Amino acid sequence: MAKELQPLIDTQISVITNDGRNIIGILRGFDQTTNLILEECFERVYSVKSGVEQAVLGLYIIRGDNIAVIGELDEELDSNLDLSQIMAPPLKAINH
């Protein structure tokens, strides 16, 4: 999977981890085990009672064995979302 990430270098991506976190940042690097280095990173925290909150993380490393999904983020579409109006339960952790 690691070689498929090369075109995503220097673009904003969304990562969903095995424990249900949604982390967004600019992909700066990766290795053969899909460990990721993200810059200008933040986590979207979902809630059924309030809108989506964003927690700033800064420079962040995600271990490859903790990644469930990686996807390119459409920045134009994302900037038009009103996150304060989006309410959803947090994702559940993946059980192996």
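**Strands and charges**

Let me begin at one residue, Glu72, which lies in strand β5. Keep in mind throughout that this is a predicted model. Is Glu72 buried or exposed? Its relative accessibility is 57%, and exposed means over 50%, so Glu72 counts as exposed. Glu72 also belongs to a surface patch of negative charge, where it gathers with Asp74, Glu75 and Glu76.

Now the strand that holds Glu72. Strand β5 covers residues 67-72 and runs antiparallel to β1, with five bridges joining the two. If you want a place to look on screen, find Ser14, which has Gly71 of β5 opposite it.

That brings us to β1 itself, residues 12-17. Five of the six residues in β1 are buried, and the strand is mostly covered. β1 also pairs with β2, residues 22-30, again in the antiparallel sense and again over five bridges. Here the pair to find is Ile16 and Asn22, the latter in β2, standing opposite each other. The two strands make a hairpin with four residues between them. In that turn, Gly20 has a positive phi of about 90°.

On to β2. How many of its nine residues are buried? Seven are, so β2 is largely enclosed by the rest of the structure. Gly29 stands opposite Ile37 in β3. β2 and β3 form a hairpin too, this one with five residues between the strands, and Thr34 there takes a positive phi near 65°.

Arg28 forms one with Asp10, with the closest N and O atoms 2.6 Å apart. This pair links distant parts of the chain, since Arg28 sits in strand β2 and Asp10 in the segment before β1, 18 residues apart. How accessible is Arg28? At 35% relative accessibility, Arg28 counts as partly exposed.

Arg28 has another salt bridge, with the side chain of Glu39, also at 2.6 Å from N to O. Why does this pair tie together separate parts of the sequence? Glu39 lies in strand β3 and Arg28 in strand β2, so the pair connects parts that are 11 residues apart in sequence. Glu39 has a relative accessibility of 30% and therefore counts as partly exposed. Taken together, Asp10, Arg28 and Glu39 are linked in a network of salt bridges.

The last one is between the side chains of Asp78 and Arg44, at 2.7 Å from N to O. Where do these two residues sit? Asp78 is in helix α1, residues 75-79, and Arg44 is in strand β3. The pair links distant parts of the chain, 34 residues apart. Are these two buried or exposed? Both Asp78 and Arg44 are buried.

To recap the charged residues: Arg28 joins Asp10 and Glu39 in a network, Asp78 meets Arg44 in a salt bridge, and Glu72 is part of the negative patch on the surface. That is what I have for today.

Technical notes. Residues are numbered from 1 along each chain as its sequence is written. This is a predicted model: local features need pLDDT of at least 70, side-chain atom pairs count only at pLDDT 80 or more; totals for chains, interfaces and linings use all residues. Side-chain values use heavy atoms; hydrogens and water are left out. Buried means under 20% relative accessible area, exposed over 50%, partly exposed in between (1.4 Å probe, protein chains only). Two strands pair if DSSP finds at least two bridges between them. Patches are made of residues with over 30% relative accessible area and no salt bridge: like charges are joined within 9 Å, nonpolar side chains (Val, Leu, Ile, Met, Phe, Trp, Tyr) within 5 Å. Accessible areas come from the Shrake-Rupley method with a 1.4 Å probe; for residues, only the protein chains shown count as cover. A salt bridge is a side-chain nitrogen of Lys or Arg within 4 Å of a carboxyl oxygen of Asp or Glu. Lys and Arg count as positive and Asp and Glu as negative; His and the chain ends are not counted. The place of a charge is taken as NZ of Lys, CZ of Arg, CG of Asp or CD of Glu.
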